Amino acid sequence: MTTHAPNLKAARIAGGVATDQRHDSAHKHVSGSALYIDDMPEPAGTLHGCLGLSTVPHGTITRLDLAAVRAAPGVIDVLTAKDVPGENDISPTGRHDEPVLADGLVQFHGQPIFCVIAETREQARRACRLAKVEYKERPFVTDIGALDPRKDKLVTPPLTLKRGDARAAIDSAPRHLKGSMRVGGQEHFYLEGHIAMAIPGEDRDVTVYCSTQHPSEVQHMVGHALGVPSNAVTVEIRRMGGGFGGKETQGNQFAALAAIAAKKLGRAVKIRPDRDDDFSATGKRHDFLIDYEVGFDDEGNILGVDYMYAARCGFSSDLSGPVTDRALFHCDNAYFYPAVHAQSAPLYTNTVSNTAFRGFGGPQGMVGAERVIDEVAFATGKDPLEVRKRNFYGTSDRNVTPYHQTVEDNIVHSIVEELETSSNYARRRREIAAFNANSRVIKRGIALTPVKFGISFTATHFNQAGALVHVYTDGSVHLNHGGTEMGQGLYVKVAQVVAEEFQIDIDQVKITATTTAKVPNTSATAASSGSDLNGMAAQNAARQIKQRLTDFAAEKYSVPAEQIVFLPNRVRIGNQEIAFTDLIAQAYVARVQLSAAGFYKTPKIHWNRDKGEGHPFYYYAYGASCSEVSIDTLTGEYMVERTDILHETGRSLNRAIDLGQIEGGFIQGMGWLTTEELWWDAKGRLRTHAPSTYKIPLASDRPKIFNVTLADWPEAHEPTVHRSKAVGEPPFMLAMSVLHALSDAVASVADHTVCPRLDAPATPERVLMAVERVKAARV
């Protein structure tokens, strides 16, 4: 940021809370001057690593001949499991089921077996291909459709949520139906792939620069792998080129291997896998097979539901337990179920272990809920929006979730009503019906879907954060906290909070890299909690210093504390005003401490997993989206003609940043539900492992008309930081309107008499097959 002399007569500071501020690194992003780890100058003698990956999905290694690898040009060393000096495990949940390098047993195609360390990256990559590995292959499974969720192997214990007697409610309902739905996974496709650079220090010390959302976890995993305490490991990250959950746990392996090699060889080591290896060896969004049964009446009121959410989790637990838990937490979306039973099945498969991805299971849970709404709408012959509104949570009653938390801040009715009006939903539905009646090949569809997303880590102990604030004698401020910046704008938001507390211009607040050496024991920047947690911790630190300054000024100038007011870049003390910088200089001379460590823990939340009851979420974020599509019934190709979004972030800290998150989240969610398809072949190989075979949305795929509005009337029900709300994950689920608009267009070929049961991703092939299936069902 460019600094300037503070305006001592300004009515408001520049860059405070609730103002539109550009991302602190936006100009660097577009000019190419933002420094990422691969841009950092390499220490002299830096070595480079490359992973050697398995070529079978399941088997025992009977021969591992690395002689040719070791003899290859430039190769310095080759690491195997026996070279891990500490514990050969990087399981984030402590289940000890995820080795740094496979030790005899291979459980998925692409699992790292060894790591080549060479003078150059190219030499390491070429040497990897010279390994001779033989296996005794074992039976393998990649498709959860071939498994029984009640009998087959799980990677972590399942969760059951229940309220009322769902079985009795379904059986006694006037009408009931059952079905199943496949929901695909998703590759994170961060622009910057995984990377770690480890620099050995004296004694047991090592510093690791790692593209990670969770520096403290990397610190712990590197320590475990090296067999050293956490105080010997420093992890630092200034920025990531995208994360989306894919760098919450998946960076552990690269960091651990780089650190092991660096300490063994006494030289800096960098590991940056190419995109194909990154795809193959790192986890993705969980795909689900959802079985559902619902009882309802002729008006479309849901009386009871029963869900089974079976997930492809891969070979180890990773974060599959909490991900599948959160899927169940959102199997209601915005709807009240009088009686509900929901169960998860985190299934073991011989695929890479799936992991966190924006929404963390919540999107898959919501998609199941919306399928049930569609089924009921088709069965009763009603507009799906009517059925949605009929089943919304109430405000004073009908407001208890399947996990027994009372919804206290429900504004979904107002959000949907406002969007229904502003998008002209009713008029456009009539126009689309008229268009379809006169169009034989091209059919249009429209859908309006809501979002209610719970905010907090469901593991209660993660809902804490720390921050460190220094005020220097010239009045400039140094800010550090445990949150990480992956492009989402967290750093600038927290800086705005600190600027607001001190009433100084934001360019006086220095944003610094996240490091375990300054703020310890941090939680991952995930669960949409980055601003909530770190903003409050930074605010706490700033308020400590501010209180010391107030006490000092009151004593020095002999005025009551209540007569000391922080104004823009100045402080009023009684009937006089002095510059903020002057007060700081005076406080320093008087030996006032101008540094503070802040802390925050989210109140009210608790969760008993064994009982399936509690208050796991501090609050909910709400939004709604209305999308219109057109499909070609001869090819299955489609276009998104228009999308209208209304989303709320409470009293927004930064509307410009929030709007960007909403737009980006929607497009990423649209990709997940339409074009992004993960496909394993009969040999257990992931074949969609590069941009050539895996299609993320292009700029040309966005809706032709894209209206995004940030609701300006809500504010957080709870005392969050300046009454703002989370924005990272909730907008992702707004894209459900596209899936259901496609379903609506498909249904038009049979006059909306047959539910298309369109699975995700709704690729053109799936749309075409659904069209043919609906036509056949009508006959």
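In this predicted model, helix α5 passes helix α6 in a right-handed crossing. The two helices, residues 215-226 for α5 and residues 251-265 for α6, pack at an angle of about 45 degrees. Elsewhere, the largest nonpolar core has 158 residues, and a cis peptide bond joins alanine 760 and proline 761.

**Packing of α5 and α6**

- The axes of α5 and α6 lie 9 Å apart, at an angle of about 45 degrees.
- That angle makes α5 oblique to α6, because angles from 65 to 115 degrees count as roughly perpendicular and those under 35 degrees as roughly parallel.
- On the α5 side, the contact is made by Glu217, Val218, Met221, Val222, Ala225 and Leu226.
- On the α6 side, Asn252, Ala255, Ala256, Ala259, Ile260 and Lys263 take part.
- Sorted by class, the contact of α5 with α6 has 9 nonpolar, 1 polar and 2 charged residues.

**Nonpolar cores**

- In soluble globular proteins, nonpolar side chains tend to be buried together.
- Within the largest nonpolar core, of 158 residues, the members that touch the most others are Tyr307, Phe502, Leu549 and Phe580.
- Helix α14 (residues 530-557) gives the most to this core, contributing 11 residues.
- Leucine 549 is in contact with Phe566, Phe580, Leu583, Ile584, Ala587 and Leu594, when its neighbours within four places in sequence are left aside.
- Another core, of 35 residues, lies apart from the largest one; its members include Leu79, Ile117, Val206 and Ala232.

**Cis peptide bond**

- The peptide bond between alanine 760 and proline 761 is cis, with omega at about 5 degrees.
- Proline 761 sits in the loop that runs between α17 (736-747) and α18 (764-778).

**Positive phi at non-glycine residues**

- Histidine 404 is not a glycine, yet has a positive phi of about 70 degrees.
- The loop between α10 (384-390) and α11 (412-422) holds histidine 404.
- Histidine 404 has 30% relative accessibility and therefore counts as partly exposed, since that class lies between the 20% limit for buried and the 50% limit for exposed.
- Serine 528, also not a glycine, has a positive phi of about 60 degrees.
- Serine 528 is located in the loop between β20 (514-515) and α14.
- At 12% relative accessibility, serine 528 falls under the 20% cut-off and so counts as buried.

Technical notes:
Residues numbered from 1 in each chain as written. Predicted model: local features only at pLDDT ≥ 70, side-chain atom pairs only at ≥ 80, totals over all residues. Heavy atoms only, no water. Axes fitted to C-alpha atoms, helices over the stretch in contact; angles between N-to-C directions. Helix = DSSP H or I, 4+ residues; strand = E, 2+ residues; numbered from the N terminus. Parallel < 35°, antiparallel > 145°, perpendicular 65-115°, else oblique. Left-handed = near helix turned anticlockwise from the far one by under 90°. Contact = heavy atoms within 4.5 Å. Nonpolar A, V, L, I, M, F, W, Y, C, P; charged D, E, K, R; others polar. Core = buried A, V, L, I, M, F, W, Y, C linked by side-chain atoms within 4.5 Å. Buried < 20%, exposed > 50% of the residue type's maximum accessible area, 1.4 Å probe, protein only.
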